[in-house]
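Subject: Structure for your review

Hello,

Below is the structure I said I would pass on. Please look it over first; my notes follow it.

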Amino acid sequence: MPYVSIVIPAYNAADFITDAYRSIADQTISDWEVIFVNDSSQDCTLSVVRSLAAVDKRIKVVDLALNLGPACARNAALAIAEGEWIAMLDADDRYSRDRLEVLTRAGEQSDADIVLDNLFIVDPISRDTIFLAFEPDDDGSVALKFSDFLRNIQSSAFFGFGYFKPVIRRHWLMANNIKYLEALRHGEDVTLLLECYARGAKVVLLSRPYYYYCNQYSHISRTKSPKTKTKARFNCLLAAVEQFLESYHSKLSHLERNLIASYCESLREMMIIEDLRSYLTNSDFIGIAGSLRNPVRLFKGIYFEKRRSLLHRSRARSFLRAGMQLTHSQGG
């Protein structure tokens with residue numbers, strides 16, 4: 001039985017999925033299996049992963065007949081995973097060389113059910129690291145309380161903790177019968193972590209980054225990533241979070257309920273912005289007028305979106321300057 005099962009859902013990922021695999025093959029531990037789930041890709045993703053499996057017997061390939069989305073793909077992998085730990089990896093992302101060793105060791109030492117780590121945020125065009133999800137304060141780990149997780153998924157957060165990719169004890173996940181919500185094609189990572197917290201998971205967060213996350217938007221070229229395959233559907237995510245709040249209302253603290261309600265409001269703000277963009281693109285003046293009926297929500301949504309974008313660009317410029325200074329000092 002492998003020590004770690006790495007789950008990789010893949011849809012039209014032929015151009016970059018080999019890089020994701022190489023970041024696993026280069027890990028400082030070798031006791032792993034990787035489960036590629038081809039989500040009915042229209043390109044040659046399936047042939048690429050089958051070619052990899054032909055030379056590495058630690059690879060399993062699942063081929064879905066229909067395109068069902070990343071949540072369904074991950075659940076298909078979870079059903080056959082055998083590792084003590086399960087690690088998530090998106091097809092356009094990659095691991096640092098020691099990620100699996102460091103995160104599983106942290107989990108074992110702290111008796112955690114879930115281990116999270118900081119992220120290297122990667123520009124989708126240049127492929128350069130442009131900033132970190134949060135500024136590390138030390139090289140250690142902390143127990144991440146539910147309320148602290150919720151504070152960091154709000155619209156005011158610099159970079160949402162809901163994007164973090166967990167490493168989870170498989171037996172704990174199976175014992176609690178926790179799966180990804182298959183109705184979601186966006187935000188399924190957030191709802192999984194909400195459910196884990198509600199079931200009493202002990203979550204540890206590492207301050208240092210070990211995961212390279214390919215951002216969906218380039219703050220350098222100011223264009224969307226060409227690798228983005230899923231359009232955000234905030235209405236489905238909102239319905240799922242509202243259902244979670246209703247189901248666990250009595251078990252949550254007053255603070256937790258308020259933070260979840262605030263997160264729901266931030267999703268409504270993002271929904272109204274996305275609707276307005278669509279109406280403007282299609283010159284739908286009735287829709288535009290409808291969006292303006294809730295000016296406070298619209299203003300808040302625009303304000304926080306612009307604020308995040310400005311903060312990301314500022315952090316990216318500072319990060320790149322620091323990298324250049326480091327390079328120059330090493331070269332001298």
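How far is the sulfur of Cys236 from the closest cysteine sulfur, and in which residue does that sulfur lie? The distance is 12 Å and the residue is Cys72, too far for a bond; a disulfide here is a pair of cysteine sulfur atoms within 2.5 Å.

Before the rest, the basis of these notes. This is a predicted model, in which local features need pLDDT of at least 70 and side-chain atom pairs count only at pLDDT 80 or more, while totals for chains, interfaces and linings use all residues. Residues are numbered from 1 along each chain as its sequence is written, and side-chain values use heavy atoms, with hydrogens and water left out.

Cysteines

The structure holds 0 disulfides. Cys196 is in none, and the nearest cysteine sulfur to its own, that of Cys72, is 17 Å away. Cys196 is buried at 0% relative accessible area, whereas Cys236 is partly exposed at 30%. (Buried means under 20% relative accessible area, exposed over 50%, and partly exposed in between, with a 1.4 Å probe and protein chains only.)

Salt bridges

The whole structure has 22 salt bridges, each being a side-chain nitrogen of Lys or Arg within 4 Å of a carboxyl oxygen of Asp or Glu. Helices and strands below are DSSP runs numbered from the N terminus, of at least four residues for helices (H or I) and at least two for strands (E).

Arg277 has two such partners to look at. With Glu274, its closest N and O atoms are 2.7 Å apart; these two residues are 3 apart in helix H9, which means about one helical turn separates them. With Glu305, the closest N and O atoms are 2.5 Å apart. Arg277 lies in H9 and Glu305 in helix H11 (residues 295–331), so this pair ties together parts 28 residues apart in sequence. Arg277 is partly exposed at 36%, Glu274 at 28% and Glu305 at 24%.

Glu242 and Arg268 form another salt bridge, with the closest N and O atoms 2.7 Å apart. Glu242 belongs to helix H8 (residues 234–248) and Arg268 to H9 (residues 254–281), so parts 26 residues apart in sequence are tied together.

Arg74, Asp90, Lys165, Glu188 and Asp189 are linked in a salt-bridge network.

Strands E6 (residues 114–122) and E7 (residues 129–132) run antiparallel and are joined by 3 bridges; two strands pair if DSSP finds at least two bridges between them. Ile121 has Phe131 in E7 as its bridge partner. The two strands form a hairpin with 6 residues between them, and Arg127 in the turn has a positive phi of about 65°.

Regards
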